[in-house]
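Subject: Handing over the two-chain model

Dear colleague,

Here is the structure I promised to pass on to you, and below it I have set out what was found in it. Please keep the structure open beside the text while you read.

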Amino acid sequence: MAVNVLTRDDHRLQAARHRASIDLSCRGPVLAFCTTALFWLLVGSALALIASIKLHSPYFLTGSSVLTFGRVRMAHLQAVALGWSSLAAMAACLWLMCRLSRVELTYPRMLYVACALWNIATTLAVGGILLGDGTSVEWLDAPVYAQPFFVAGVGLVAGWVAATFRRRQESHVYVTQWYILAAVFWFPWLYTVATLMIFWTPVTGVVQPVINWWFNHNFLGLWLTPIGVGTAYYLIPKILGRPIHSYYLSITGFWALALFYSWAGMHHLIGGPIPAWLATASTVGSMMMFIPVIAVAINHHMTMIGYFHRLKYSPSLRFTVFGAIAYTAVSFQGSIESLKDFSEVTHFTHYTVGHAHLGAYGFVAMIFFGLYYYMIPRLTGREWASSRLIRLHFWCSAIGITLYFTTLSIAGWWQGRMLNNPNVPFANIIAYIQPYLALRSIAGILMTIGHIAFAILFIVNIAGWGRLRTAGPTLFVEPVQQHTPEVATSVPYLRPQSVHLHQ
Amino acid sequence: MDPVDVAVLLTVFGSVLTFGGAAVWALNWAVQNGQFENFQRGALSIFDVDEPVGQATDYFPGEAPPPAAS
């Protein structure tokens, strides 16, 4: 009787094959989310450029009501926050949950439905706003007929994430899973409550902006932030091959975020006609956010200590570490901005816009770019076509957002100082900030060039054009020559040209 | 109280109970389940024999992999 003794290489092969089969099970739905997310990133970039140019060149595209600033700016927000960021976030949730639970994705067809529903909603939101159907409620500008589609789409994704988690084969719940589970639990409820109370059974008076800003801040804090931070908690150690610096701190950070982030929304209404205690409680919550932010910062940055040279080698790591640094910076800044004395200057100025973009782009988008560069080759079985284009994307995005943030922070600060001085004529303030706004458009053009490079790489990869790369870090290629035929058919997308196990 | 006030109060208290309750339940489950007992093992759960600790898993396509960690 033959006895099968598994060698070390066999164990490695089994592990690699299992991981590849999980990636393969996610391929269709996750790529659908990724592709449509990228489409909305490009739409959002175009709308952003139009809105930005209009601020320093007010006669740009004035002939059409569709392209007025009030519509284009709101459509931009929906395209990038609900379109790009949320679709990419849902792709992250699905892929990471499968990998970390070590199970394949089941019933993928329903996730195509979820993706379609979310995209219908985003189309109705962006199209509706451009055609004059926007609601004028910031962040919730989408027409009411788009709202049920958003809820149904994210509801399905949440259900699939929960079902995948229940079927998990890995007994330990990794910190990224905590963040993802929390996000898919919080967001559908958050969105439903906010839309119900503002549009379907509207509350009146100051309660309406209170709910509005409770939603807006939590959209970032309880939806995009946990998924972005969770993604970095997976990618950084996984790319480096080094466990997270302090796992204990990472869990503490998660629970501190769960406890404090939802308080923070009212700091947007400082100085507004709301009860003073509401704004003060928010300021306290914002200050308490130092705890989870410092926990995440220590972990992300201490894990990198001694490994910074790796940034030269890994495209995913560059984007992810940039995002992690931006998270630390934007969170510290956000806590300081919640102080009333600071708000006296910066409130209602471009300073806030710079802060928002450091969060939504410098942190969230950069981490999702890092995720794409890591995840897509593993889903398609094909390496990126050009390192040069990846570098172009990184430098355009990194320099673009840095320029954007710097110019708007300087312009916004002095704008606030001058607005508080009754001796400064309003027209002088406009004239002072105009060159900074022009620089903002240049930053926007840079970021858009990066997005076009990114889109080219993505399309070439998905379509299977260009040179095939069989030797790369990301691909698992089945060594058919050495193993039985059933092995070769179990993972059909893998190319059998060569044996590739990591050295 | 008009119906809108009732709806607001129900939503607020419902949210407090749902979210507070969920957080307490999840924390309790995690403690009972031993999730917080061995943090070192938790940190290692993303690695396996094919992609072990010490193995870099990403570098630019067509270029040399990074040298071993210092």
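A residue is called buried when its relative accessible area is under 20%, exposed when that value is over 50%, and partly exposed in between. Leu31(A), in helix 1 of chain A, has 12% relative accessibility and is therefore counted as buried. Please bear in mind throughout that this is a predicted model.

Chain A has 15 helices and zero strands, and its C-alpha trace spans about 95 × 50 × 45 Å along the principal axes. Its radius of gyration is 23 Å, which agrees with the value near 23 Å that a compact globule of 503 residues would have. Of the 503 residues of chain A, 60% count as buried, and among the contacts in chain A with a separation of 6 or more, 82% come from residues 24 or more positions apart.

Chain B has two helices and zero strands. Its radius of gyration is 24 Å, well over the 11 Å that the globule rule gives for 70 residues, so chain B is more spread out than a compact globule. The C-alpha atoms of chain B fill a box of roughly 70 × 35 × 20 Å along the principal axes, and 31% of the 70 residues of chain B count as buried.

Where the chains meet

How many residues of each chain are in contact with the other chain? On the side of chain A there are 59, and on the side of chain B there are 44. The area buried between the two chains is about 4600 Å², and carbon and sulfur atoms give 62% of that area.

There are also polar links, for the count between chain A and chain B is 23 residue pairs in polar contact, with both residues at pLDDT 80 or more. Several elements of chain A give two or more residues to the side that touches chain B, among them helix 1 (8–56), helix 6 (207–240) and helix 12 (350–380). The largest share, six residues, comes from helix 5 of chain A. Sorted by class, the side of chain A that touches chain B has 32 nonpolar, 13 polar and 14 charged residues.

Salt bridges

The rule finds eleven salt bridges over all chains, and seven salt bridges lie across the interface of chain A and chain B. Arg19(A) takes part in a salt bridge with Asp48(B), where the closest N and O atoms are 3.3 Å apart, and in a salt bridge with Asp50(B), at 2.7 Å from N to O. Asp50(B) lies in the segment after helix 2 (39–44) of chain B, while Arg19(A) is in helix 1 of chain A, so this pair joins two chains. Both Asp50(B) and Arg19(A) are buried.

Within chain A, Glu170(A) forms a salt bridge with Arg102(A), and their closest N and O atoms are 3.2 Å apart. Glu170(A) is in the loop between helix 4 and helix 5, and Arg102(A) is in the loop between helix 2 and helix 3, so the pair ties together parts that are 68 residues apart in sequence. Through shared partners, salt bridges join Arg19(A), Arg102(A), Glu170(A), Lys238(A), Arg41(B), Asp48(B), Asp50(B) and Glu51(B) into one network.

Some single residues

Ser441(A), in helix 14 (residues 426–463) of chain A, is buried, with a relative accessible area of 4%. Its side chain makes a polar contact with the side chain of Ser52(A), at 2.8 Å.

Most residues other than glycine have a negative phi. Leu61(A), however, has a positive phi of about 55° although it is not a glycine, and Leu61(A) is found in the loop between helix 1 and helix 2 (69–101) of chain A. Ser136(A), which is not a glycine either, has a positive phi of about 65°, and at 69% relative accessibility Ser136(A) counts as exposed.

With best wishes for your reading

How values were computed
Residues are numbered from 1 along each chain as its sequence is written. Chains are lettered from A and ligands numbered from 1 in the order in which they are written. Side-chain values use heavy atoms; hydrogens and water are left out. Contact means heavy atoms within 4.5 Å. Buried area is the accessible area (1.4 Å probe) that two parts lose on being put together, summed over both. A salt bridge is a side-chain nitrogen of Lys or Arg within 4 Å of a carboxyl oxygen of Asp or Glu. A polar contact is a pair of N or O atoms within 3.5 Å; within protein, one must be able to donate a hydrogen and the other to accept it, and residues adjacent in sequence count only if both atoms are side-chain atoms. Helices (H or I, at least four residues) and strands (E, at least two) are DSSP runs, numbered from the N terminus. Ala, Val, Leu, Ile, Met, Phe, Trp, Tyr, Cys and Pro count as nonpolar, Asp, Glu, Lys and Arg as charged, and the others, Gly among them, as polar. Buried means under 20% relative accessible area, exposed over 50%, partly exposed in between (1.4 Å probe, protein chains only). The radius of gyration is taken over C-alpha atoms; the globule rule is 2.2 Å times the number of residues to the power 0.38.
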